[in-house]
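Subject: Structure handover and notes

Hello,

The structure is below for you to keep. My notes on it follow.

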Amino acid sequence: MTALDYFLVNPGQPLRGTTTVPGDKSISHRGVLFGALADGETHIRDWLPAGDTEASLRAVQTLGVPVERHSKTELTIGGGGLKPPRGVLDLVNAGTGIRLLAGIMVGQPFESVLDGSEQLRRRPMNRIINPLQQMGAKIEGSNGRAPLHIQPAQLRGIRYAMPVASAQVKSAVLLAGLFAEGVTTVVQPGPARDHTERMLAAMGVDIVTEGDEIILMPNGGLKAMDFVVPGDISSAAFVIVAALLVPGSDLTLTNIDLNETRTGILDVLLEMGADLIVTETGTQAGEPVGTIRVRHSALKGSQVGGEVVVRMIDEFPIFMVAALAAEGETVVRDAQELRVKETDRLAVMTAELTKLGAQITETEDGFVIRGSQRLRGAEVYGHDDHRISMALTVAGLTAEGQTRVIDAECAADSFPGYADTLAKLGADVRQLELSKAN
Ligand code: S3P
């Protein structure tokens, strides 16, 4: 039997103290991928050493880019261009890795194959294949999924109106635009995270945002830069909701990225009555950063839909846990994108939380939860989806009795040391090996 780790969770202990969380996943992917294209050495500190980002790092190494690893979180990426890969580029579970790298590879003068895990092979790729083909790219999927086969081609800039507000799609098109003739414009239907725009601009690319349009003009290369990655608000969200729900909690998170395309979860929790004090302290890697103080709070239900959904798209698994505790009804709409993440997060979270005694009405594009629910500890399963495992762990902290979340190691796809971070704040959470427990 393959050993699967699990989180063993006992409820009731308040979370107190001060901590930060690992570096932002989106910015860490981009630092490595864009650094590989730059004209010199890019030095990155507080980089996220997680399953997904390590896959992007290995991919650029396979493309002949020298990488100096000073520590787990500090890297120097030697730029100077990409070389034909000595094999398939394996992005494992990383949707951001494969979609952004595809945008880069279509502009290279050599062929490549991009692939990943069984889980990644289930995720839709036509959303990038279609616009890249419109730019003249020679990219083929397998029934619209990975593996992606790419041949060299001359690209031309296009004006692309994205049907979904996706930062990965936007980034793939803009990155291909770096290698295209003429201007590339992406029109976004909602405020998808803008880390690509910020980082490319900081590296000297001619890119501007005007309303819902992003306009990129290829101007001959990226300049190397040094930066420090801020803490990931998507990781902070698990700690924040844990502190809000467990009585007696009072903690402070430092150095968190407060980019407003990412802070939808804070806006919604504040509206629900959360005792959150958000203080901006400066900028890092071109992003606003700050501290978040969180105290246990009685939450009220909320109506969530429209623009805020894309600004909190990765936070819905943990938001479901908050909604179960809130008083009154919470309704989420316009969140159908959750069905094509690492898992169908609407279906999987509904099924797993039901094992803890929750009552949730799943809808096509969201869910309805009547709150003030008491959960009972049980055995639940993470489905190789980091955010599912971590959200279920927080649910366990609010339940009566013990919870085991089978499949804990996937949490390290975005939040290495998750159980330790919670435990240091006082929560009774441990990551254990299943085979040893039996
Ligand atoms: C990401 C974009 C989002 C998000 C993912 C990271 C990025 O996906 O869910 O975790 O770094 O660009 P979509 O762009 O597909 O919505």
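Which residues does Leu269 touch, not counting residues up to four places away in sequence? They are Ile240, Val241, Leu244, Ala274, Leu276, Leu299 and Ala322, where a contact means heavy atoms within 4.5 Å.

Before the rest, the basis. This is a predicted model, in which local features need pLDDT of at least 70 and side-chain atom pairs count only at pLDDT 80 or more, while totals for chains, interfaces and linings use all residues. Residues are numbered from 1 along each chain as its sequence is written, and side-chain values use heavy atoms, with hydrogens and water left out. Helices (H or I, at least four residues) and strands (E, at least two) are DSSP runs, numbered from the N terminus.

Cores

Leu269 is one of the residues with the most contacts inside the largest nonpolar core, together with Ile240, Phe316, Phe319 and Leu353. That core has 76 residues, and helix α8 (residues 233-245) gives the most to it, with eleven. Another core, of 63 residues, lies apart from it and includes Leu75, Met162, Leu200 and Leu222. A nonpolar core here is a set of buried Ala, Val, Leu, Ile, Met, Phe, Trp, Tyr and Cys residues joined through side-chain atoms within 4.5 Å. Buried means under 20% relative accessible area, exposed over 50%, and partly exposed in between (1.4 Å probe, protein chains only).

Helices α3 and α5

Helix α3 (residues 95-105) packs with helix α5 (residues 126-134) at an angle of about 15 degrees, their axes 10 Å apart. The two therefore count as roughly parallel (under 35 degrees; over 145 is roughly antiparallel, 65 to 115 roughly perpendicular, and the rest oblique). Axes are lines fitted to C-alpha atoms, for helices over the stretch in contact, and angles run from 0 to 180 degrees between N-to-C directions. On the α3 side the contact is made by Arg99, Ala102 and Gly103, and on the α5 side by Arg127, Ile128 and Leu132.

The buried residues of α5 are Arg127, Ile128, Ile129, Pro131 and Leu132. They pack against α3, β8 (138-142), β9 (145-151), β11 (159-161) and α6 (167-177). Gly136 follows α5 and has a positive phi, near 100 degrees.

Thr184 lies in strand β13 (residues 184-187) and counts as buried because its relative accessibility is 0%. Not counting residues up to four places away in sequence, Thr184 touches Met135, Gly157, Ile158, Val173, Gly177, Ile214, Ile215 and Leu216. Arg69, in strand β4 (residues 67-71), counts as partly exposed at 36% relative accessibility. Leaving aside neighbours within four places in sequence, Arg69 is in contact with Trp47, Pro49, Glu54, Leu57, Glu74 and Leu75.

Backbone points to check

A cis peptide bond joins Ala146 and Pro147, with omega about 5 degrees; Pro147 is in strand β9. Asn143, in the loop between β8 and β9, has a positive phi of about 55 degrees although it is not a glycine. Asn143 is exposed, with a relative accessible area of 77%. Ala285 also has a positive phi, near 50 degrees, in a residue other than glycine. Ala285 sits in the loop between β18 (275-284) and β19 (287-295) and is partly exposed, with a relative accessible area of 24%.

Regards
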